[in-house]
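Work through the following exercises with the sequence and the model open beside you. Try each task on your own before you read its solution.

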Amino acid sequence: MGDEDRFTPEAATATARWAGLRETLPPERLAELFEGVEQVIERLYAVDVEGFEADFLQPDTRAR
Amino acid sequence: MHAEDLDGLTITRAAKLIRGRKVSAVELTKATLERTAALERLNAFITVTSELALAQARRADRDLARGEYRGPLHGIPVSLKDLYWTKGIRTTAGSKILGDFAPREDATATARLAKAGAVLVGKANLHEFAIGATTENPFYGTCHNPWNFDYIPGGSSGGSAAAVAAGLGLASLGSCTGGSIRIPASFCGIVGLKPTYGVVPRTGIVPNSSSLDHGGPLTRTAADAAAVLEAIAGPDGRDPSAVTDKLPSARTALRTSLKGLRVGVPANYYFDVIDPEVDALVRSAIEELRRLGATIVPVQVPAVEHCLDACVVVAWSECANFHRRWLIERPEDYGPDTLEYLTGALAYRGTDYVQAQRVRAMIRQSFRDVFQRVDVLASPTGVIAASRIGQKEFELGRRSVPVLSVMARITCIANLTGEPAVSVPCGFTKAGLPVGLQIHGPKMSDMLVLGVANAYEQASGWTDRMPPLTISA
C-alpha cells in the first residue's frame, strides 16, 4: 500500500460514521485499525479462489 | 474429604469413589467449594454457585441411595464459562453489558450436564464476550495462570482452564471461535477439546461468531473429556447447525490403539514461526506417538497459510453483526480492546466476507484431501507458552510478534474447517509453563482424536502433574 492509499484520520472518521459509530476512538487510532483491516482484505483478495464458493445453502449438518 | 484431597483427582477416579459410596457428592462438592474459596486469588470464577451446587449434590446422593446412577458425571463438580445460559443465575459473558442478565432458561449443554448428574460450582471468568485470548477482564479482573500467577491462563475460556487445572471442579465447558478452548488448555496444562462443528448445540451460548463457534469440554484427561462430550453432544432441535450424525461412545476413545495409525505432521506453516522450546517439546511428543506404534507421515497442507486472515474476516464480521446495536448505542460499556476489535470489524464489507468464505471453502477442501492420506494431524496447539499478564509482544527468533496474532495461528484452522481438535499436555518449558500437543482429525472423528490424546497421556504422564499451589483458607 503506497502512502497515498493509506487511511487518513479524516477518512477513518468518515468510515466509522458510515458504519454508524459514535466518535469513541481518536481518529488516528481509527486510521490504524482500518488500515490493518485493509491489509487483511488485500491479502485475501490475492488468493485465487476460482472454483470455490461459499456454500451457504448447504448447511454442513452431516459428516462428509 | 478436604480441599487438598482434590489434587490430581479426575472424573474417572471420582466417579468410582462416588458410585462405590467411598465419597458422597456432598463431600466432594464441599471440598471443591472449600478449595475454590482458598484459591479465590486465582480469579477463575465470576460467580460461585454454592447453594445450587450443594442442592444438586444432595440430590445426586439421594438418587444414588435409591439406586439411580446417572453415569460418570453423577455428583461431579463442574463449572461453565460464564456465557452458557443458566436459568435465574446471571450470565455476564464477561461483559458489563450483560452484567445483570439472568436467563429464563438453561443452555442446552447446561441442562444436559444437570441431567447427567453434574454439580455446578461456578460460572468461570473469560475474556470479555469471548473476544480475545488473555482473560484480562476489565470488569471482573484478570484471571491468573495456576502454574505462575504472573502469567495469563490464555482464553477466552481462561477461567475454565484455570479452574480445572487448579482442581476447582473436575471439568468446565468452554467455547471456541478461533482457539478459545485449546489455547487456555495448552497454557494451563490440561486437556481441551473443540468438537466437530455442530456436535454440541450452541443453543443458549452467548454467540461470538455463528459459523465458527463451538462448545466443548476442558478436563484433566482425555478420558474425562470423552465422558463430558458424550453427555452434551447431539442435536437439540433448536440449533439449526447441529449435526445429525451420532458420535461413537466414549469407551471407543479409550480403546484407540496407535498401531498403524497414520499421524500426519505438517511440513509447512505449523512449525515455521514457533518458540524453540515449544518446538522441541512437540517434536518429542510426536516421537512418542511413533514409539506407541503410529506411522508418522510428513504432509504438505495447501492453503493453510490463509487460515488466520480468513478466520479474522469471518469471525469479526459475524461478531460485529451480533454486537452492532450495542456498539452504536453503548460503546462506552465495552472494554478498550474489545471496542477496538469490534470497531475495526465494522469496516469489513459484504464482498470481503464472501471472499473470506470462498477462501474458507478452499481450505476445507484442502483438509478433506489431507485426511484421505492420514488419519489425524499432530502439531503444536500454540506456538508459544503462556505470556506474562500485560505482555503485548512475544520474541520469536529475531522477530517481535504481537501476542494475540500468534496465539490463534494454529488453533483457528480447525474452527474454519469445523473439524475436531484436542490439546493435550506434552511437557513444560524451563520456566515451568505447560505446552500443548494438538491432535486434529476429520469431521466426526472426535472420539479418535481423544483416543490418540488418551494413548499419549497414558504413556507420557504429563497430565498427572498439578500446579504448585498453596491451599490456604
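A helix axis is a line fitted to C-alpha atoms, for helices over the stretch in contact, and angles run from 0 to 180 degrees between N-to-C directions. Helices (H or I, at least four residues) and strands (E, at least two) are DSSP runs, numbered from the N terminus. This is a predicted model, in which local features need pLDDT of at least 70 and side-chain atom pairs count only at pLDDT 80 or more, while totals for chains, interfaces and linings use all residues. Residues are numbered from 1 along each chain as its sequence is written, and chains are lettered from A and ligands numbered from 1 in the order in which they are written.

**Exercise 1. Two helices from two chains**

Task: Describe how α2(A) and α12(B) pack, giving the angle and the distance between their axes.

Solution. Begin with the general idea: two packed helices are described by the angle between their axes and the distance between the axes. Here helix α2 (residues 27–45) of chain A and α12(B) pack at an angle of about 50°, with axes 10 Å apart. Next, classify the angle, remembering that angles under 35 degrees count as roughly parallel, over 145 as roughly antiparallel, 65 to 115 as roughly perpendicular and the rest as oblique. The two helices α2(A) and α12(B) are therefore oblique to each other. The crossing of α2(A) past α12(B) is left-handed (the near helix is turned anticlockwise from the far one by less than a right angle; clockwise would be right-handed).

Finally, look for the residues in contact, meaning that their C-beta atoms, placed from the backbone, lie within 7 Å. From α2(A) these are I41(A), L44(A) and Y45(A), and from α12(B) they are D352(B), Q355(B), A356(B) and V359(B). By class, the contact of α2(A) with α12(B) has 5 nonpolar, 1 polar and 1 charged residues, where Ala, Val, Leu, Ile, Met, Phe, Trp, Tyr, Cys and Pro count as nonpolar, Asp, Glu, Lys and Arg as charged, and the others, Gly among them, as polar.

**Exercise 2. The whole side of chain B**

Task: Find which helix of chain B gives the most residues to the side that touches chain A.

Solution. First take the totals, which are 35 residues of chain B in contact with 29 residues of chain A. Then list the helices: α10 (307–329), α11 (336–345) and α12 (350–373) of chain B each supply at least two residues of that side. The greatest share comes from α12(B), with 9 residues. Sorted by class, the side of chain B that touches chain A has 20 nonpolar, 9 polar and 6 charged residues.

**Exercise 3. A covered helix**

Task: Decide how many residues of α4(B) are buried, and say what they pack against.

Solution. A residue is buried if 20 or more other C-beta atoms lie within 10 Å of its own, exposed if 12 or fewer, and partly exposed in between, with C-beta atoms placed from the backbone. In helix α4 (residues 108–115) of chain B, 6 of the 8 residues are buried, namely T108(B), A109(B), T110(B), R112(B), L113(B) and A114(B). These buried residues pack against α3 (50–65), β2 (77–81), β6 (171–176), β8 (214–219) and α7 (222–232) of chain B. Just after α4(B) comes G117(B), with a positive phi of about 95°.

Definitions and conventions
Two residues are in contact if their C-beta atoms, placed from the backbone, lie within 7 Å.
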